[in-house]
Amino acid sequence: MALVFLLLAFSLMTGASAGNLYQDFQITWGDGRAKILENGQLLTLSLDKASGSGFQSKNEYLFGKIDMQLKLVPGNSAGTVTAYYLSSQGPTHDEIDFEFLGNLSGDPYTLHTNVFAQGKGNREMQFHLWFDPTKDFHTHSILWNPKHIIFMVDGTPIRDFKNMESKGVAFPKNQPMRIYSSLWNADDWATQGGRIKTDWTKAPFTASYRNFNADACVWSSGTSNCPPKKSNSADWWNQDLDSTSQERMRWVQRNYMIYNYCTDQKRFPQGLPPECSMA
């Protein structure tokens, strides 16, 4: 678990923040459908037939450990997508994605992950979760350092995208990214390939967020507030998966992964992407 620090605007070490969503985020769209409540302790996004809603972080980050607790749209959420991701801007943008694809009542959500580097994505891995993400809050984390992008759910790693620049695979490491989230209607594709449409009689749909924590390098005025060489005190900077964590990730992928681009040979008839050959 990342340690919880106060935000120190001029810290010489990593910028870390927790506890007040007013401080860390701004609502960007939705005409009042997004709300920060409970003195900054809770943020909600809602979707109805007229519009969804979204927010973004006030800070940009270049590497860090980002945690957020989410509780997803309950009941019949078919057609809805709750997106939570890091992204830079521009045609060669970098992006690290969590997307939660809604489903009919009683069917599991699909957790969709992807990594874009230099504008190129197509690295999708999808999972079902081992719990109901609508009943309570669960922590979704992105650990992003110069060697790894590790996706975690409640501290359990589900995916590790390694830096394989030595194999010619681009890796996000030069473009600062903001955190974004949105709740929107995607019933043309989100649920069973678009066969199941959004039931607007169930609107408004609402997703909730709390307990944000960023132990991360804040980017400002063209520079990072991380020192040139990170000290060992920033555990996430040098972190990779130990043998226990690797086994937990294999357990998730063996039992809950429903799509892996690295096994989709029909999609890549000329050969799987080079990173897929790495153990």
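1. A disulfide here is a pair of cysteine sulfur atoms within 2.5 Å. On that criterion, a search of the whole structure turns up two disulfides.

2. Some ground rules before the details: this is a predicted model, where local features need pLDDT of at least 70, side-chain atom pairs count only at pLDDT 80 or more, and totals for chains, interfaces and linings use all residues. Residues are numbered from 1 along each chain as its sequence is written, and side-chain values use heavy atoms, with hydrogens and water left out.

3. Start with Cys217 and Cys226, which are joined by a disulfide with an S to S distance of 1.7 Å. The torsion about the S-S bond of this pair is about -90 degrees, so the disulfide is left-handed. Cys217 and Cys226 are both buried (buried means under 20% relative accessible area, exposed over 50%, partly exposed in between, using a 1.4 Å probe and protein chains only).

4. Next up, Cys262 and Cys276: their sulfur atoms sit 1.9 Å apart in a disulfide. This link is left-handed too, with -75 degrees about the S-S bond. Both cysteines lie in the segment after strand 17 (257–260), so the pair ties together parts that are 14 residues apart in sequence. Strands are DSSP runs (E, at least two residues), numbered from the N terminus.

Notes:
Helix = DSSP H or I, 4+ residues; strand = E, 2+ residues; numbered from the N terminus.
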